[in-house]
Amino acid sequence: MAARKESEPKPMKNRTTVERKSERELIVMRTFDAPARIVFEAWTKPDLFKRWWAPRSRGISLVSCQMDVRVGGGYRLVFGKGMEFFGRYIEVTPHSRLVWTNDEGGEDGPVTTVTFEEKGGKTLLVMHELYSSKEALDAAGTGAADGMGELFGQLDELLATLGASGGRVRSG
Amino acid sequence: MVQYTNVNLDTSFAALSDVTRRGVLEQLIRAEASITELAEKFNMTLTGMKKHVGVLEQAGLVITQKVGRVRTCRVGPHRLAEATAWLEKYRQLWAARFDELDGIIEDLKEREKIDGRKKRE
């Protein structure tokens, strides 16, 4: 899997960017080489959704994935270690917009808005997460990464790398 | 241990949530400076700047050292890396998801092509 040869021709992957837009907001952006109706389908059909939400490359898998994609409908994602994510859809606009709540942490959980913007046969996807407070986002950031069960190991590696590069400022 | 690190990350982010403090930190990444120099640069009272530096110092993002009457500030070596690290981890998770999603999208496009052909037949 990971031993794939570097020389193997593969289309260039589009870049994923993450930005903490404000104290309470996090934004993830990515362009997909397909019309919005296709990208939207992959976000709204459970059998497709579960294939990418728990990427094999990260060694995570979903035990179950239930999604009732309509306004007021609920979803529940269950990961191997009994970790659960659930909430309900509060806005469903085919091919352009999805909004859902994240209720696993109790009330006042973040609200996720995903927009699909088609341009020239490609789709710009913007995922926006709005937290109830700055503290909630601070905590979720560490918590979510932690939940993936690998933050600290990888953090150590990254810190080592950053240390080795002498704190050079990234250019570009 | 894990909780201890989480607290550090939280403090780092709290410290970085303020635009002046981010500016101060950027300034210090370029070169160390005294509190007085920073106050002048950011058009701020000495007391105001002391407070900001204090928050950055508590988060471990900045180290200060008093020599004579001058307090010199410079960037702390690890905290900044930690604070940016989780965002990078988060980005990597999403990048992994979206790379996988690319494959599914290719399948769907292929299927549409085949379906389209069938319809024409």
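Let me start with one pair of residues: A:Met67 has A:Tyr75, in strand β4 of chain A, as its bridge partner. What you are looking at is a predicted model. That bridge belongs to the pairing of β3(A) with β4(A), residues 74-79, which is antiparallel and runs over five bridges.

Now the sheet around that pair. Chain A has an open sheet of eight strands, paired antiparallel, and its order is β1-β2-β8-β7-β6-β5-β4-β3. Which strands sit at the edges? They are β1, residues 17-20, and β3, residues 62-67, and each of these pairs on one side only. On average, neighbouring strands in the sheet are turned by 20° against each other, if direction is ignored.

Next, the helices of chain A that lie on these strands. Helix α1(A), residues 36-44, lies across β2, β6, β7 and β8 of chain A, and runs at about 155° to β7(A). Helix α2(A), residues 46-53, lies across β3 and β4 of chain A, at about 140° to β3(A).

How do these two helices meet? Two packed helices are described by the angle between their axes and by the distance between the axes. For α1(A) and α2(A) the angle is about 85° and the axes are 5 Å apart. Angles of 65 to 115 degrees count as roughly perpendicular, so α1(A) and α2(A) are roughly perpendicular to each other. On the α1(A) side the contact is made by A:Glu41, A:Ala42 and A:Trp43, and on the α2(A) side by A:Leu48, A:Phe49 and A:Trp52. Sorted by class, that contact has five nonpolar residues, one charged and no polar.

Over to chain B. Chain B has five helices and three strands, and along the sequence the pattern reads α-α-β-α-α-β-β-α. Of the 121 residues in chain B, 31% are buried. Among contacts in chain B with a separation of 6 or more, 52% are between residues 24 or more positions apart.

Take A:Val39 as an example: beyond its neighbours within four places in sequence, A:Val39 is in contact with A:Phe32, A:Ala34, A:Phe116, A:Thr123, A:Leu125 and B:Ile105.

Last, two backbone details. Most residues other than glycine have a negative phi. Where is phi positive here? One case is A:Asp108, with phi near 65°, in the loop between β6 and β7 of chain A. Is A:Asp108 buried or exposed? A:Asp108 counts as exposed, because it has 12 C-beta neighbours inside 10 Å, and 12 or fewer is the cut-off for that class.

The other case is in chain B. B:Asn43 is not a glycine, yet its phi is positive, about 55°. B:Asn43 sits in the loop between α3, residues 35-41, and α4, residues 46-58, of chain B. B:Asn43 has 9 C-beta neighbours inside 10 Å and therefore counts as exposed.

Key
Residues numbered from 1 in each chain as written. Chains lettered and ligands numbered in written order. Predicted model: local features only at pLDDT ≥ 70, side-chain atom pairs only at ≥ 80, totals over all residues. Helix = DSSP H or I, 4+ residues; strand = E, 2+ residues; numbered from the N terminus. Buried ≥ 20, exposed ≤ 12 C-beta atoms within 10 Å, placed from the backbone. Contact = placed C-beta atoms within 7 Å. Pairing = 2+ DSSP bridges. Axes fitted to C-alpha atoms, helices over the stretch in contact; angles between N-to-C directions. Parallel < 35°, antiparallel > 145°, perpendicular 65-115°, else oblique. Nonpolar A, V, L, I, M, F, W, Y, C, P; charged D, E, K, R; others polar.
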